[in-house]
Number of protein chains: 2
Amino acid sequence: MPDAIPAFKQQIPSQNSDRDILAETPAYDLIELFFFAYRDFVSDPDRILDEYGFGRAHHRVLHFVSRQPGLTIAELLDILRITKQSLNRVLKELIEKDFIESRMGTSDRRQRLLHATPQGHDLALKLAKLQTRRIMRALSAASPEAKAAVSQYLLCLIDPDDREHVKQLVFGPEKT
Amino acid sequence: MPDAIPAFKQQIPSQNSDRDILAETPAYDLIELFFFAYRDFVSDPDRILDEYGFGRAHHRVLHFVSRQPGLTIAELLDILRITKQSLNRVLKELIEKDFIESRMGTSDRRQRLLHATPQGHDLALKLAKLQTRRIMRALSAASPEAKAAVSQYLLCLIDPDDREHVKQLVFGPEKT
DNA sequence: AATTTTATGTCAGCCTTGTTGACATATCTC
DNA sequence: GAGATATGTCAACAAGGCTGACATAAAATT
């Protein structure tokens with residue numbers, strides 16, 4: 001992946017006080033904007049999920065299953081970072097209500113390969129479009145390079161150990 | 001599709017495909033990156049809060065009270081968008097453990113003006129610095145204009161009705 | 001002065017979604 | 001065949017949301 005242009009990458013090392021201030025002065029603006037943005041970002045889906053008797057936990061599961069047909073339980077647990085008991089509760093409801101189906105693995109028959117049903121895909125898409133509308137509105141108010149900057153920023157907020165994994169999930173397998 | 005006002009029904013036909021793609025193709029990358037980034041962003045404070053017997057809810061309350069000494073209950077409820085009962089549960093604990101103190105309002109004695117104690121400010125600052133470290137790491141991997149782009153983006157993700165309010169909270173009262 | 005509205009506090013109970021621990025089953029691997 | 005692995009399930013608990021009802025003091029209105 002393309003690194004930042006070296007000339008822009010570094011700070012001015014001449015003044016230690018600058019570095020200290022950067023390290024020690026809290027970035028209240030970005031901390032708080034992140035909170036408010038996330039608060040509103042998840043509120044759109046919430047309203048619709050309510051109509052189906054689902055919550056945010058159902059949304060996360062449905063989203064990733066819809067995006068990656070054939071996802072296994074273990075992979076899903078790794079993405080969501082919750083316990084299998086927590087996952088199972090919401091997954092069971094999604095299966096019972098016919099939004100997700102669970103097929104036995106072919107190569108390893110212990111695994112469950114999760115797939116969204118047509119109904120499941122519809123709901124997932126509906127919710128994704130809602131959030132996309134909000135995103136597009138925000139991007140359209142910004143510069144053309146904003147999207148790349150925002151993606152890069154969000155990616156680097158993620159724990160370094162996970163970054164490659166997330167990149168694969170989000171942008172698909174590398175073509176190398 | 002139901003009737004629309006004819007003149008507004010469609011844009012210039014030549015650009016319809018562009019607009020449709022923008023409106024209809026989900027921005028999966030930004031949706032998912034936002035999820036993963038938020039997941040890790042809140043995980044740093046979580047570890048420390050645990051040592052104090054606090055959770056995320058306590059963090060939010062302490063953060064905004066520490067940032068805005070003299071905040072009232074009503075203002076805090078408006079920021080957090082939770083019920084007073086939910087707020088009261090965590091606020092009571094923060095007051096009992098001497099991280100926040102509640103003073104009677106001077107002009108309106110029904111109000112409670114919330115202030116962080118020295119201990120409260122210390123913890124709030126510690127957590128903010130932790131998150132700032134993550135933010136700075138992410139910004140340093142990006143272009144110099146990234147910070148402005150990210151701020152702008154996050155701000156525009158917020159509900160339009162709230163945007164001015166949040167701007168005031170985050171950037172302070174305008175000098176006009 | 002009496003009434004109404006507002007800001008806050010509190011009790012009681014419920015829901016969602018996270019947790020831990022223990023145990024069961026089928027299947028794969030060695 | 002033995003052990004490891006992927007998943008399912010039961011039970012209990014905790015955090016942090018919610019609603020509804022009711023209480024109090026102080027401000028605002030009439």
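A residue is near a molecule or strand if one of its heavy atoms lies within 4 Å of that molecule or strand.

The structure is a predicted model, in which local features need pLDDT of at least 70 and side-chain atom pairs count only at pLDDT 80 or more, while totals for chains, interfaces and linings use all residues. Residues are numbered from 1 along each chain as its sequence is written, chains are lettered from A and ligands numbered from 1 in the order in which they are written, and side-chain values use heavy atoms, with hydrogens and water left out.

## The surface near DNA strand C

DNA strand C is surrounded by 25 residues, and the closest are A:Gln85, A:Ser86, A:Arg89, B:Lys84 and B:Arg110. Of the atoms of DNA strand C that come within 4 Å of the protein, 54% belong to sugar and phosphate.

By class, this surface holds 11 charged, 10 polar and 4 nonpolar residues. Here Asp, Glu, Lys and Arg count as charged, Ala, Val, Leu, Ile, Met, Phe, Trp, Tyr, Cys and Pro as nonpolar, and the others, Gly among them, as polar.

| Residue | Part of the residue | Distance to a phosphate oxygen of DNA strand C |
|---|---|---|
| B:Asn88 | N or O atom in the side chain | 3.2 Å |
| B:Arg112 | polar backbone atom | 3.4 Å |
| A:His58 | polar side-chain atom | 3.5 Å |

Two or more residues of the surface near DNA strand C come from each of α5 (56-67) and α7 (84-96) of chain A and α6 (73-80) and α7 (84-96) of chain B. These element names follow DSSP runs numbered from the N terminus, with helices (H or I) of at least four residues and strands (E) of at least two.

## Salt bridges

Side chains of opposite charge can pair when their charged atoms come close. A salt bridge is counted when a side-chain nitrogen of Lys or Arg lies within 4 Å of a carboxyl oxygen of Asp or Glu. Over all chains, the whole structure has 26 salt bridges.

One of them pairs the side chains of A:Glu32 and B:Arg67, at 2.7 Å from N to O. A:Glu32 belongs to helix α3 (residues 28-41) of chain A and B:Arg67 to helix α5 (residues 56-67) of chain B, so this pair joins two chains. Buried means under 20% relative accessible area, exposed over 50%, and partly exposed in between (1.4 Å probe, protein chains only). A:Glu32 is buried, at 1%, whereas B:Arg67 is partly exposed, at 26%.

A salt bridge within chain A links the side chains of A:Arg39 and A:Asp40, at 3.1 Å from N to O. A:Arg39 is buried with a relative accessible area of 12%, and A:Asp40 is buried at 0%.

The side chains of B:Arg134 and A:Asp159 also form a salt bridge, at 2.7 Å from N to O. B:Arg134 sits in helix α8 (residues 118-140) of chain B and A:Asp159 in the loop between α9 (146-157) and α10 (160-171) of chain A, so this pair too joins two chains. B:Arg134 is buried, with a relative accessible area of 5%.

Through shared partners, salt bridges connect A:Arg39, A:Asp40, B:Arg81 and B:Asp162 in one network.

## Aromatic pairs

A pair of aromatic rings is described by the distance of the centres and the angle of the planes. Rings of Phe, Tyr and Trp (its six-membered ring) pair if their centres lie within 6.5 Å; planes under 30 degrees apart count as stacked, over 60 as edge-to-face and the rest as tilted. The structure contains 18 aromatic pairs over all chains.

The ring centres of A:Tyr38 and B:Phe34 are 5.4 Å apart and their planes are at 55°, so the pair is tilted. This pair crosses between chains, from helix α3 of chain A to helix α3 (residues 28-41) of chain B. A:Tyr38 is buried at 15% relative accessible area, and B:Phe34 is buried at 2%.

A:Phe54 and A:Phe99 form an edge-to-face pair, with 5.1 Å from centre to centre and 85° between the planes. A:Phe54 is buried at 5%, and A:Phe99 is buried at 4%.

One aromatic cluster is made up of A:Phe34, A:Tyr38, A:Phe41, B:Phe34, B:Tyr38 and B:Phe41.

Methods
A polar contact is a pair of N or O atoms within 3.5 Å; within protein, one must be able to donate a hydrogen and the other to accept it, and residues adjacent in sequence count only if both atoms are side-chain atoms.
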